[in-house]
Amino acid sequence: MGASMRYLSQRYSMPYRKVSGILTDIGTEELAHLEMVATIVRQLTKGLSAEELEAEGFADYYVDHTAGIWPTAAAGIPFNACEFQSKGDAITDLFEDMAAEQKARTTYDNILRLVKDPEVCDPIRFLRQREIVHFQRFGEGLRIVQDELDSKNFYICNPEFDPGCGK
């Protein structure tokens, strides 16, 4: 959810339409990823008793959410608006996006090391591959932004607010 909201929020301050389109496309796709992960979690927890959830270390989660889907990091930290990471600076935001995609890929790699169930691993492999594609697309977006900037000012201005930094 954080990724989709980050990218969809960043598109509003992106000064270049092509890059705004990349943010829109990937932000929308990330919503579908949330649906896939939520479905996997629901399928894995459906029908478990309170005792089974407690035995697996999910007692605190169960107390707050029963078996409902509540976006939470593996360490138990719930989703919050800080995940948006939108600075309103094209270069800053795109580097953040590329880092987020790499972190997501690493998370999927870690899941694949731990989980052996093919019904979980197959969609996780798909999601991992999409993170690689997103990283590449954000790299393309960064190149578009850099091509629009004065080559002497690559990383010292915000094209949205510093009109002299563009060509």
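**Exercise 1. Thr66**

Task: State whether Thr66 is buried, partly exposed or exposed, and locate Thr66 in the chain.

Solution. Step 1: in this predicted model, the relative accessible area of Thr66 is 48%. Step 2: buried means under 20% and exposed means over 50%, with partly exposed in between. Thr66 is therefore partly exposed. Step 3: Thr66 belongs to the loop between helix 4 (59-65) and helix 5. Step 4: the phi of Thr66 is near 55°, a positive value in a residue other than glycine. Most residues other than glycine have a negative phi.

**Exercise 2. Overall makeup**

Solution. Read from the N terminus on, the order of elements is α-α-α-α-α-α. Step 3: the C-alpha trace spans about 65 × 30 × 20 Å along its principal axes. Step 4: take the contacts between residues at least 6 apart in sequence; 64% of them join residues at least 24 apart.

**Exercise 3. Helix 1 against helix 2**

Task: Classify the packing of helix 1 and helix 2 as roughly parallel or roughly antiparallel, and name the residues that meet.

Solution. Step 1: the axes of helix 1 and helix 2 are 8 Å apart, and the packing angle is about 160°. Step 2: angles over 145 degrees count as roughly antiparallel, so helix 1 and helix 2 are roughly antiparallel to each other. Step 3: their crossing is left-handed. Step 4: on helix 1, Ala3, Ser4, Tyr7, Leu8 and Gln10 take part, and they meet Leu23, Thr24, Ile26, Gly27, Thr28, Glu30 and Leu31 of helix 2. Step 5: the residues of the contact of helix 1 with helix 2 comprise six nonpolar, five polar and one charged.

**Exercise 4. Helix 1 against helix 5**

Task: Repeat the analysis for helix 1 and helix 5, starting from their angle and axis separation.

Solution. Step 1: helix 1 and helix 5 have axes 11 Å apart and pack at an angle of about 160°. Step 2: helix 1 and helix 5 are therefore roughly antiparallel to each other. Step 3: helix 1 passes helix 5 in a left-handed crossing. Step 4: helix 1 contributes Arg6, Tyr7 and Gln10, while helix 5 contributes Asp93, Glu96, Asp97, Ala100 and Glu101. Step 5: sorted by class, the contact of helix 1 with helix 5 holds two nonpolar, one polar and five charged residues.

**Exercise 5. Helix 5, helix 6 and His134**

Task: Describe how helix 5 and helix 6 cross, then state whether His134 is buried or exposed and which residues His134 touches.

Solution. Step 1: helix 5 spans residues 90-114 and helix 6 spans residues 118-148; their axes come within 9 Å and cross at roughly 160°. Step 2: helix 5 and helix 6 are therefore roughly antiparallel to each other, and their crossing is left-handed. Step 3: the residues of this contact divide into 17 nonpolar, four polar and seven charged. Step 4: His134 is part of helix 6. The relative accessibility of His134 is 1%, so His134 counts as buried. Step 5: leaving out residues up to four places away in sequence, His134 touches Ile26, Glu29, Glu30, His33 and Glu101.

How values were computed: Residues are numbered from 1 along each chain as its sequence is written. This is a predicted model: local features need pLDDT of at least 70, side-chain atom pairs count only at pLDDT 80 or more; totals for chains, interfaces and linings use all residues. Side-chain values use heavy atoms; hydrogens and water are left out. Axes are lines fitted to C-alpha atoms, for helices over the stretch in contact, and angles run from 0 to 180 degrees between N-to-C directions. Helices (H or I, at least four residues) and strands (E, at least two) are DSSP runs, numbered from the N terminus. Angles under 35 degrees count as roughly parallel, over 145 as roughly antiparallel, 65 to 115 as roughly perpendicular and the rest as oblique. A crossing is left-handed if the near helix is turned anticlockwise from the far one by less than a right angle, and right-handed if clockwise. Ala, Val, Leu, Ile, Met, Phe, Trp, Tyr, Cys and Pro count as nonpolar, Asp, Glu, Lys and Arg as charged, and the others, Gly among them, as polar. Buried means under 20% relative accessible area, exposed over 50%, partly exposed in between (1.4 Å probe, protein chains only). Contact means heavy atoms within 4.5 Å.
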